[in-house]
Amino acid sequence: MHTLSKIIGLLLVVLLTACGGGGGSAGTTSGSTASGTSTTSVTTATTVITTTTVAAPTILIAIVDASGAVVTTNSINSSAALFARATVKDASGAAVATKLVTFSTDVTVANLAQTAALTDASGIAKVQISPATLTSSRAATLVASANVNGSAIQTSLDFQTAASNVSLANLTVGTSPISGLQSSAVTVQGLVNNVLATTSPVLISFSASCGSFSPASASTNSSGVANTTYQSAAACTGSVILTAQATGATAITSSIVVTAAQPANIIYSSATNNLLVVSSATNGNRQSQVTFSVLDSTGIGMSGVPVNVYLENAAISAGVTFSVGGLPTTATQTISSLGNGSASVTVSSGGLPTPLIVTAAL
């Protein structure tokens, strides 16, 4: 019995040791070391985090056509009118009216008709957008910004431009023929993708085989037509070729008939001697070279124009003559004007004093 009591007591010690020497608790781990038995407690806590979403104003952007339909490809071209549309709503999701929205993009890629607009009753603001060039395809970002109740909001949209087919047609001359130095109205149609360029202007340049244009380049108007004026030069005669061209388009030509320019005026220019002595005098000037100038309508000298020069009867009666090749004559002289428009004749005094009048006429 004594031995049995010892065995039971030893078993109780072992059991107590196996249970950690006492009652354990949840969240507690136990371990032992080489030098003895030790116990380490780790406590785990659980935290609940609640996330609250704060409503804020919004702005959405899209590219739409004239009917308001969204262009899902985000591609713009010059065939039709397209718009950048921004929709502004407050924190409750209600449309914000009369709110200023600013738009921006790369001006080398696209043009905005205006950079700001007010929202309407539906919270929508829109501005027209078009490619900066008709013949190239590029990409950029369109940005719309606003401020609602002190909150700055902004959105963006990537887009691209589509190259258009530019062509010219019906280069028309208003009046033909014209004479040199006269002018005539000229028109030409510009087309984008075979449709008159009424919404996207086409810049057209003009040139001529003789003469010039004013202006030398012009953009198509709301009817898709570019207007200019051809101005012939004094030297232009015959058929003059007129050319219209635009970037990306094949040049087209027409012609205008120009007749020889007509002089507008003839004026007295100079005389080498304004006082002559009679032919019998021993000293003094007996000859003078008289020069006239033929002018066009702009006041520039004209060459190759025949000028009739004659003496008044009173001077002929006093013995005054023309000197042609060293020989005297009183016959009317027909002289062709030189490059600067000048026409000259030499007169010689006679035996009697007289007022000397030389007349030139076209």
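Let me begin with strand β4, which is joined to strand β11 (residues 151-161) by two bridges, the two running parallel. Strands here are DSSP runs of E with at least two residues, helices are runs of H or I with at least four residues, and both are numbered from the N terminus. Two strands are taken to pair if DSSP finds at least two bridges between them. Within this pairing, Ile76 has Thr161 of β11 as its bridge partner.

A word on the model itself. It is predicted, so local features need pLDDT of at least 70 and side-chain atom pairs count only at pLDDT 80 or more, while totals for chains, interfaces and linings use all residues. Residues are numbered from 1 along each chain as its sequence is written, and side-chain values use heavy atoms, with hydrogens and water left out.

Returning to the sheet, β4 and β11 belong to an open, mixed sheet of five strands, ordered β4-β11-β10-β6-β8. Its edges are β4 (75-76) and β8 (116-118), each of which pairs on one side only. In general, strands of a sheet pair through backbone hydrogen bonds, in either a parallel or an antiparallel manner.

Is Ser78 buried or exposed? Ser78 is buried, at 4% relative accessibility; buried means under 20% relative accessible area, exposed means over 50%, and partly exposed lies in between, with a 1.4 Å probe and protein chains only. Beyond its neighbours within four places in sequence, Ser78 is in contact (heavy atoms within 4.5 Å) with Pro131, Leu134, Ser164, Val192, Thr199 and Ser200.

I turn now to the disulfide, defined as a pair of cysteine sulfur atoms within 2.5 Å. A search of the whole structure finds one, and it joins Cys210 to Cys236 with an S to S distance of 2.0 Å. The pair links distant parts of the chain, 26 residues apart: Cys210 lies in the loop between β16 (203-208) and β17 (212-214), and Cys236 in the loop between β19 (225-231) and β20 (238-245). The link is left-handed, with -95 degrees about the S-S bond. Cys210 is partly exposed at 21% relative accessibility, whereas Cys236 is buried at 0%.

Finally, the chain as a whole. It contains two helices and 29 strands, and 33% of its 362 residues count as buried. Among contacts between residues at least 6 apart in sequence, 58% join residues at least 24 apart.
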